[in-house]
Amino acid sequence: MKKWTPTHEAPEPLEGPVVATITGGTILWFVLFLAQLPFYGWYADHGHTWWIWTCLAGGGLGLIGVWYVRRRDAAIKRSAGARPGPAE
């Protein structure tokens, strides 16, 4: 079998509102966690409590993600500001 190799270069990664996207996703995880808490008894009876804890874990990991992307965004802005401008 011959190994497949790409015939073109990979496209540049897309940049967008990363901080807003991660923050929105984190909020969604916490909302899902809070929405499921009143039904904890039902989840426990049916062996599905992991759904609740998955939402809490998603929210917790999302907080780490928000911290990470905010620092990344700040580093990118610092780097862009430190570049020398065109010579006059």
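This is a predicted model: local features need pLDDT of at least 70, side-chain atom pairs count only at pLDDT 80 or more; totals for chains, interfaces and linings use all residues.
## Helix α1

Helix α1 runs over residues 18-36 and has 19 residues. From its first C-alpha to its last, α1 reaches 27 Å. That is close to the 27 Å expected at 1.5 Å a residue.

The buried residues of α1 are Thr 26, Phe 33 and Gln 36. Seen down the axis of α1, these buried residues fall within an arc of 100°, so they line one face of the helix. An α-helix has 3.6 residues a turn, so residues three or four places apart point the same way. The other side of α1 carries exposed residues: Ala 20, Thr 21, Ile 27, Leu 28 and Leu 34. The buried residues of α1 pack against α2 (40-46) and α3 (49-82).

Thr 26 lies in helix α1. Its relative accessibility is 5%, so Thr 26 counts as buried, the cut-off being under 20%. What is Thr 26 in contact with, leaving aside its neighbours within four places in sequence? The partners are Gly 59, Gly 62, Leu 63 and Val 66. Gly 59, Gly 62 and Val 66 are also listed among the buried residues of α3.

Gln 36 is in helix α1 too. With a relative accessible area of 13%, Gln 36 is buried. Setting aside neighbours within four places in sequence, Gln 36 is in contact with Tyr 43, Trp 51, Ile 52 and Cys 55. Ile 52 and Cys 55 are among the buried residues of α3. Gln 36 and Trp 53 are 17 residues apart along the chain. Their C-alpha atoms are separated by 9.8 Å.

## Helix α3

Helix α3 has 34 residues, which should span 50 Å at 1.5 Å a residue. The end C-alpha atoms of α3 are 50 Å apart, which agrees.

Which residues of α3 are buried? They are Ile 52, Cys 55, Gly 58, Gly 59, Gly 62, Val 66 and Val 69. These buried residues pack against α1 and α2.

## Nonpolar surface patch

A nonpolar patch on the surface is formed by Leu 34, Leu 37, Tyr 40, Trp 53 and Leu 56. Together these residues have about 460 Å² of accessible area.

Leu 34 is one of the exposed residues of α1. Tyr 40 lies in helix α2. Tyr 40 is partly exposed, with a relative accessible area of 35%. That value passes the patch cut-off of over 30%.

## Salt bridges

How many salt bridges does a search of the whole structure find? It finds 2. Side chains of opposite charge can pair when their charged atoms come close.

Arg 72 counts as partly exposed at 32% relative accessibility. Glu 15 counts as exposed at 54%.

Another salt bridge joins the side chains of Asp 73 and Lys 77, at 3.4 Å from N to O. Asp 73 and Lys 77 are 4 residues apart in helix α3, so about one helical turn separates them. Asp 73 is partly exposed, with a relative accessible area of 29%. Lys 77 is exposed, with a relative accessible area of 57%.

## A distance along the chain

Ala 35 is found in helix α1. Is Ala 35 buried or partly exposed? Ala 35 is partly exposed, with a relative accessible area of 44%.

Ala 35 and Pro 11 are 24 residues apart in sequence. In space, they are 40 Å apart, C-alpha to C-alpha.

Key: Residues are numbered from 1 along each chain as its sequence is written. Side-chain values use heavy atoms; hydrogens and water are left out. Helices (H or I, at least four residues) and strands (E, at least two) are DSSP runs, numbered from the N terminus. The expected span of a helix is 1.5 Å times one less than its number of residues. Buried means under 20% relative accessible area, exposed over 50%, partly exposed in between (1.4 Å probe, protein chains only). The arc is that of the directions from the helix axis to the C-beta atoms. Contact means heavy atoms within 4.5 Å. Patches are made of residues with over 30% relative accessible area and no salt bridge: like charges are joined within 9 Å, nonpolar side chains (Val, Leu, Ile, Met, Phe, Trp, Tyr) within 5 Å. Accessible areas come from the Shrake-Rupley method with a 1.4 Å probe; for residues, only the protein chains shown count as cover. A salt bridge is a side-chain nitrogen of Lys or Arg within 4 Å of a carboxyl oxygen of Asp or Glu.
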